[in-house]
Structures are given as structure tokens and as C-alpha cells.
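Me: I would like to go through this structure with you, piece by piece. Could you take my questions as they come?

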Amino acid sequence: MRYELSVNGESVHVEAAADTPLLWVLRDELGLTGTKFGCGMGLCGACTVHVAGHPVRTCITPVNAVLGKRITTVEGIGHDRVGHAVQTAWLALGVPQCGYCQAGQIMSAAALLRHSTHPTDADIDSAMAGNICRCGTYPRIRAAIHQAAQQLRGAA
Amino acid sequence: MSARNPGGQRPITRRTVLQGAAALGGFVLCLRESGGIVLASQPPLYGAAAFPGGVVENPLVFVAIHPDDTVTVTVHRPEMGQGIRTSLALVVADELEADWPRVQVTQAPADESRYGSEDTDGSRSMRHFFEPMRRVGAAARMMLESAAAAHWRVPVSEVAAERQQVVHRGTGRRLSYGQLADQAMRQSVPEPSQVRLKDPAQFRYIGKSNTRLIDGADIVAGRAAYGIDTRLDGMLYAVVARPAVLGGKLVRYDAQAALAVPGVLRVVQIPSHSLPAQYYPLGGIAVLARNTWAAIKGREALKLQWDDGPNRSYDSRQFEKVLEQAVRNPAKVIRNQGDAQTILEKSGKRIEAEYYLPSLAHASMEPPAATARISNGHCEVWAPVQAPQATRDLVTELLGMKESDVTVHVTLLGGGFGRKSMPDFAGEAALLSKAMQGAPVRVMWTREDDIQCDYYQAAALEHLEAALGPDGMPLAWLHRSAAATENATFTAGAEGEDETEYGQGMSNIPFRIPNIRLEIPSVPAYARIGWFRSVYNIAHGFAVQSFVDEVAHAAGRDPRAYQLELIGPPRRIDPRSLADTWNYGESPTLHPLDTGRLRGVIERATSEAGWGRRMPRGHGLGLAATYSFMSYAAAVIEVRVGANGELTIPRVDLAFDCGPQVNPDRVRAQLEGACIMGLTLAMHGEITFKAGRVQQSNFNDYAVMRMSEAPREIRLHLQPAGFDVPLGGVGEPGLPPIAPALCNAIFAATGRRIRRLPIGSTLSRQTS
Ligand code: FES
Ligand code: FES
């Protein structure tokens, strides 16, 4: 099947079977390899992107479920004020170790901060519960979310 | 398996190399600074020199200075999250007087004859290459100075490099590195004895935390390229159905339905190598498709019939019985002082305990993945591998090519933890490309593949006994450690831990106990065994440090004071006197076991954590301290156990002494990570086998700690040290004290002793 998708503000055409998870369309067809595969079952969050502003696990989201919706991946999140603040905080605090999970972490964090300007630790726990980091960067992720929130409040 | 292998049978591993170094003591090839080859017959080599690749210190290999005033540093150690691309580059940059923002990094391909040892495990990269990379940077700086002096026609003693420029002291004239680039690279390389290193007081980057992560910006923007991200024109996507049981073979298959899946192009059988598994692909059937999804669906549609082979009845519950038998009977004695047996038999106060650690899978977030392409008789591989040269050797052998016709590009690793020291997956990609007439093929493992076809941390049962004297201190200590050896992966029939394995915190305990007996039973392996971050230190650290806590309580003593008394006064112990002839491959004189430093981390962690403070109900503090990879670590963990057994970890204090810290921020990151990985395995980590098959499959049944469970506070306390102290390891040694500190804290909070990992739901099942 041929589909038209809106990815990072651009309209793109792809050829894919209807049940193909969005993850593989992004990675294999569009070459957007920033979105990662970690489990294929919605368990780890490595594949998180935003669909209409909400965090979505692309490994379990068929491509035909996102037609006509705005898709933002890690490659595009830096154009967004919140996404940029998250990336800046991530760099300032040296969050990444191997970095493999970080696209998913950044997308989940950006989704949280879009709706919550003062996230508590409990808010962070629940927003980030679906994202695994095997390298154990959780303490810095938490600190970086607080720092990005603070920066966004200051800039608002 | 390869000409590089002195043993002739198994591939280069950290074991063979280090044993080889100690045992062979024969001819060793050393690449010296000039790039020339020195043939030396000498006594045992230690450190990097003991590795086949040795050390290369030629600045022309590692440094390029460009006319646009940028500097490229080649990093030869793979990056798996430890930050080595940043840390080695900053060492070179510092001695080079380069400006960090102008430094870029390229990754060396697999070529140990050019770059020196690239085999990245054992927490060795900085330990082994700090000094060589300093000399590389310093030599390049001297070449810039010579070029400037020649340009100005002044003696070189009148010029000095400073922040990306060379300055003539008398006149204040300056030339930028960019202006000197061409001339500098043509200067002769200084003789090693002539290389002048900086005074550590002048360091700009070493020991500071002012150097941005070299890959940070790419990572947060989704541009960093891991093994799973390689994309080549015309590339095919492959997934492989592998035998579920080690040693299993495909009997017959029907691929009709698989080939009918749109996008599937072909299926290819990969031969199963006979056991031992070594680094060879496991074999099976590969489905090659136009995209990943088609390959996955195609694999699901395969009809496969397997002969499960010799390990078909392996059952890990049954195997626990084997381990129990093993540790409850006399076994090979590896250290014996005094007469522990007699004293234990006669003792009025005898404590005995057994500790179990199950098998573990690495579960790096990036599963194994590799890409290969063959054209004009040349094979190129892109792979996230910790052992680039072993990867190149494997591909060379599997394809029957010459080494010079195989190039292995090392991508970023999305986590390694030891898994990616084994290049079997890169071998699959090479074989599949060959089967497709050289077309580019990328193999990707799914999470299920990764968890079910790993090289596992060996399950271990540790049996300890102590007889206490009238003062409550142990008079006798018996420890039997039963686990399969990693050697079994390389040598058929190898059984029980060898000296490189029991030397990880079992034989080399520095306790002042008059009678000590340590035994190693023979235990077979039924699965692929491989290195897992901190390796046998996990089981040994858990058992020894839990047992010290138990014995302290039995003696009615405070565990901290008791442990300090057990260790005794500060002294430097020759590891050979502790039956440790291995010493992580390091010189016993350069790296003795320093009980003063071990005491130091215990004292620091406990004082920072407020050891002895009054705890609220349900809270407890636990202490554990370990020495591994030439570094000392002590953890104090605070737990809270709720009425229904809910476990939370408000705080961890981890004191760490690795000697001087080259990149303190990355040392901290590694310790944070080691702490969380240690907690993950303590709370959740368990791989079980039934009918030879792994019963777990994904993060639903092989859980990894999530943010909500992670400690709110991890407080790190790095012991200061000058650069005259030899470096210790960083990536692994933070892990071993974590599980025992956690379990000791649970005991303090609840009176329940955990002797079996993972904790899982133990605490909620039966509250005492
Ligand atoms: S890959 Fe999608 S949640 Fe893990
Ligand atoms: S940084 Fe490696 S998995 Fe998160």
C-alpha cells in the first residue's frame, strides 16, 4: 500500500504493508534511524515518537493508524521549543551513556513537559515508566527534566 | 581458530591473553612508538603489553592536524557508553595543547597491527591507554613545536605550544596549529625517551569535567549511528531463526509460507558449527527481505524441525541440584592456609550459608546487529563490537578470505556489557552477504533472539562456612564456588572456574583469618557462557559480602567495625600470596591489593551515609565493599521495606577509589550505571532453562529496573588521588558491592536474609 504521512513537518509518501509498525516505516523506508528498536512489544520506549503531540510506541502502532496525523521524531523535536530545552538539558547534564535509549527518553520527556510545567518526581516517574535505560541514566534523566522545566518556565 | 591465538584452539579472549602472558613468557611482538616491530623474549608481560595487539604510540596513527585548525583524534577502543571516545580524545588533546571544541574523533577500524589492542573489556581502556595516549599527544605537540622552530629558524627550546598555537617566547610570534599542520606531520616522530609529558598540574582537561561528550549532540538529535542503523544501497534486511537449544541443528524446513510474505526475497540456511560454540554463528535459517517487518513476518511463517542435540534436557532447576552437590562435597583446593577443615569440624560456633546467583542475560538496549557487503573480493562489515579484531578474524575465517580483504568498521554500540565481545552476529551478516553474492545484508536480532541466544553469565552457587573464635572473629573460613567456566564456550569439556575467574573476589580475599580453605568444584556448562559486566565478581561479591554481614551479626558486632577488623591494618598485599597469580593481568608490584584503600572506601561510604544513624521503622542500611579490576568500591544502601514487602531504595552512597580519575564526570556516570545494573540483577535478573531452552523472552519476563524503582539519590564519593597512582578500572568495579549491600540493608530493615537472587517477590511472599 502507498501512504502519505506527515513527518517532522513534511509530507512524505511510503510504500508499506498496512500492518507494518510505524517504527519500520520510519527506519527502513524513510531512513529516520534516530527512532530505535528495543523490544517490539511496547515494553521499553526506545521507539517513542509523538503523534499529534502525544508519545506513541511506534513498534506496536501500525502505519495505517497514523494517517493524517502529525508525526514528530527525535530528528524533528529540536525545532520545538520544549524539545530543544530537553535536548539542551540532556547535554548540559551529560545524560547519555551509550545513548541508544535516549531518543525515546527525550520524546517521553518532551511530551511530559509540554503538558506540565512543574513536574513532580512522581509525575516524572509515571511519564517515564515506559522507557528503559539499560545503562542506568535515570538519575540524570530526572535531573535533566527538572532543569528543562525550570528553563522553560524562565523562558515563558 | 586463528593465527592470532597462541593457544591454537580458542579465540583471543581476555583469559587466553592474560594466561598466555603469564604462562608462555616467550616471544612477544611489541609495537613500539616508531611503528617498528621489536621481538622480545622476556618474563611475563603485564597490562596492555600482554595483549596480542599490544600498544602503539605513533602520533601519526592517532592524530591528524588539519589546515582549518581542527584536530582529529583516532580512538581505537569501541564506544559502548563508557565515554571512551571522549575520554581518550581528551587525554590526547590535553598533552597536545589542543582546544577541545576543535577536536573531533574518528573510530579506528579493526586493525590491531596498526592501532594496538582494541579488545574492549575488563575495564581496561583507560587503565592501559592513558599513558600511551598522553605520549601520543605529547609527541604530536613536539612535532608542532619543531615545525614552528624550523619555520622561524630558532632553537626549539625557544618555542612552546599553547592552546592550539605555537609561540616564540622571545618575540611573541605565533603560528596556529592549522598553519603548522602540513609541516608538523612531516617532522620526525620523537624517540619515546625524548617525549616530554606535561606536569599534571598543567592539565586542562585531564581530571576535569569540562569536556563535552563527543557524541552527545548527535545522540540527542538522533544522528548517532549504531550497528542497527547502518544503511547501504540495495541492502537486504535479515532475521534468523536459530536453534533454541545450544548445539541444536535444523533437520528440515519448509519456507513456502515465508517466501509468500510480501517483501521476503529468500531464505538462507546458516550452518551450525559443532560445539564448543566459540564465536561462531549458531546456525539456522535466515529470512532476507526488503524491510525488517517482512523479514520478521517471514520468520514467523517458517516451518522448522530441529534436533535439539546434547543439551536438550538442560533444566536450570535440576542444575541447582548439581551445584548443591558440588558445593557440599570436597573439591579442588585452590588456596589453603592453616587447617580450616579441622577447626570447622570442632568449632562450637560455626556459621554456614549458601548463596545463589542465577544465569543472567546482558540485554543491551541495542540488540546484536551487523551489516556486511562483499565486492571485488573485499568484505566490509559494520558492527557494534567490543572486540574488533576478533570480529575481523572470525569473518576472515568464515569467508575463507585473507585478513587484508576484510574491513570491520566499528559503529557505536548501544550498550555492550560483555555481550558484544562475542562477534557471532557479525559472522552471520558476512555469511549472508556471501550467500547473496555480496549484496549488503543487515542482520538484526529481535529482543527475543537476544535474550534466548545470549552468552550468559553463569549461574553460581557459593557455599561458605566460618568458625568463630571467642572474640567473635573467624578462626576458619571455607568457601566453595560452583559455576560453569567461560572456557567451556571455547574448549569442550572445560569445567569449573579457572584462576582468572576465582581470582575475581573469591581467592583474593584480604581478610586476616588464620585458617582459610578455598575450593573449586568441577561444573559443566550447558549454555553459551560469556562475560557480563564485572563477571564472576558478581556472585563472589554477593556471597562473600553477605556472609561477612551474617558472621558479624552472629558475633553480635556492627558489620562496619567487624569488616574493618577482618581486613586489618593498611598494608599492600602481593596478590600471589592470596593464590591470585592472575591479578587481572596486571603487575603484582604495580597493583598490589591495598587494604588501606579498601578501608578508605568503607570509611568514606559509611561516614557519608551516616552509618549508625537511627533509622525509621522499616528502613535499614547495608554495607558491602569489594575490590575488582584494580579499583575499590564500597556501597551503603538505604532501603525501606513496607508492610507488604514493597521495597524502595531512597539512597545509595558509593565510595570509589580507582586512583586518579581522567574524566570524573564519566567515572560518575559509570558508577551510576553500575549501581542500577547491580540493583536490576539483584531485584529482577534471572534466566532459567527448561528442555535446554531459555524461558524468558523480552522485558516483560526479563525485567530491567525502571526509573520509578531506581534510587532517588545516588551519592558518589570519589577518593582523590594524584596521577602518580596507577589507574584502576571504572566500567565494572562499581557493580559487585551493590547486590550484597542491598541484601544486607534488607536484613537490617527486616531481619530477613536474602541468599538467593533475584529478590523478585520474595519479600512480599512471606513477611516475617
Ligand atoms: S521497541 Fe517499542 S517499546 Fe520497545
Ligand atoms: S544510555 Fe544506554 S540504554 Fe540508555
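**Strands, contacts and loops**

Reply: To begin with chain A, strand E1 (residues 2-7) and strand E2 (residues 10-15) of chain A pair in the antiparallel sense, with 6 bridges between them. Please bear in mind that this is a predicted model.

Me: Which residue stands opposite A:Glu4 in E2(A)?

Reply: That residue is A:His13.

Me: And how many residues lie between E1(A) and E2(A) in the hairpin?

Reply: The hairpin has 2 residues between its strands, and A:Asn8 in the turn has a positive phi of about 50°. Most residues other than glycine have a negative phi.

Me: What does B:Arg706 touch?

Reply: Leaving aside residues up to four places away in sequence, B:Arg706 touches A:Leu43, A:Ala129, A:Gly130, A:Asn131, A:Ile132 and A:Tyr138. B:Arg706 is placed in the loop between strand E29 (693-694) and E30 of chain B.

Me: How far apart are the C-alpha atoms of B:Arg706 and B:Arg317?

Reply: They are separated by 28 Å, and the two residues are 389 residues apart along the chain.

Me: Back to salt bridges. How many are found over all chains?

Reply: A search of the whole structure finds 63 salt bridges. Among them is B:Glu586 with B:Arg127, where the closest N and O atoms are 2.7 Å apart.

Me: Which parts does that pair tie together?

Reply: B:Glu586 lies in the loop between strand E23 (572-573) and strand E24 (593-594) of chain B, and B:Arg127 lies in helix H5 (residues 125-152) of chain B, so the pair joins parts that are 459 residues apart in sequence.

Me: Now the sheets of chain B. What is the strand order in the open sheet of 5 strands?

Reply: The order is E14-E22-E21-E20-E15 (chain B), with mixed pairing. Strand E14 (332-337) and strand E15 (350-357) of chain B are the edge strands, each pairing on one side only. Neighbouring strands of this sheet are turned by 10° against each other on average, direction ignored.

Me: In what sense do E14(B) and E22(B) pair?

Reply: E14(B) and strand E22 (residues 515-520) of chain B pair in the antiparallel sense over 5 bridges. The bridge partner of B:Val333 in E22(B) is B:Glu519.

Me: And the order in the open sheet of 4 strands?

Reply: That order is E25-E26-E27-E30 (chain B), again with mixed pairing. Strand E25 (619-628) and strand E30 (713-718) of chain B stand at the edges with a single partner strand each, so one side of each is left without a neighbour in the sheet. The twist averages 15° from one strand to the next. E25(B) and strand E26 (residues 631-641) of chain B run antiparallel and are joined by 10 bridges, with B:Gly622 opposite B:Ile637 in E26(B).

Me: One last topic. Is the peptide bond from B:Leu275 to B:Pro276 cis or trans?

Reply: That bond is cis, with omega near 5°, and B:Pro276 lies in the loop between strand E11 (264-270) and strand E12 (284-289) of chain B. The bond from B:Leu757 to B:Pro758 is cis, with omega near -5°.

Technical notes:
Residues are numbered from 1 along each chain as its sequence is written. Chains are lettered from A and ligands numbered from 1 in the order in which they are written. This is a predicted model: local features need pLDDT of at least 70, side-chain atom pairs count only at pLDDT 80 or more; totals for chains, interfaces and linings use all residues. Side-chain values use heavy atoms; hydrogens and water are left out. Two strands pair if DSSP finds at least two bridges between them. Axes are lines fitted to C-alpha atoms, for helices over the stretch in contact, and angles run from 0 to 180 degrees between N-to-C directions. A salt bridge is a side-chain nitrogen of Lys or Arg within 4 Å of a carboxyl oxygen of Asp or Glu. Contact means heavy atoms within 4.5 Å.
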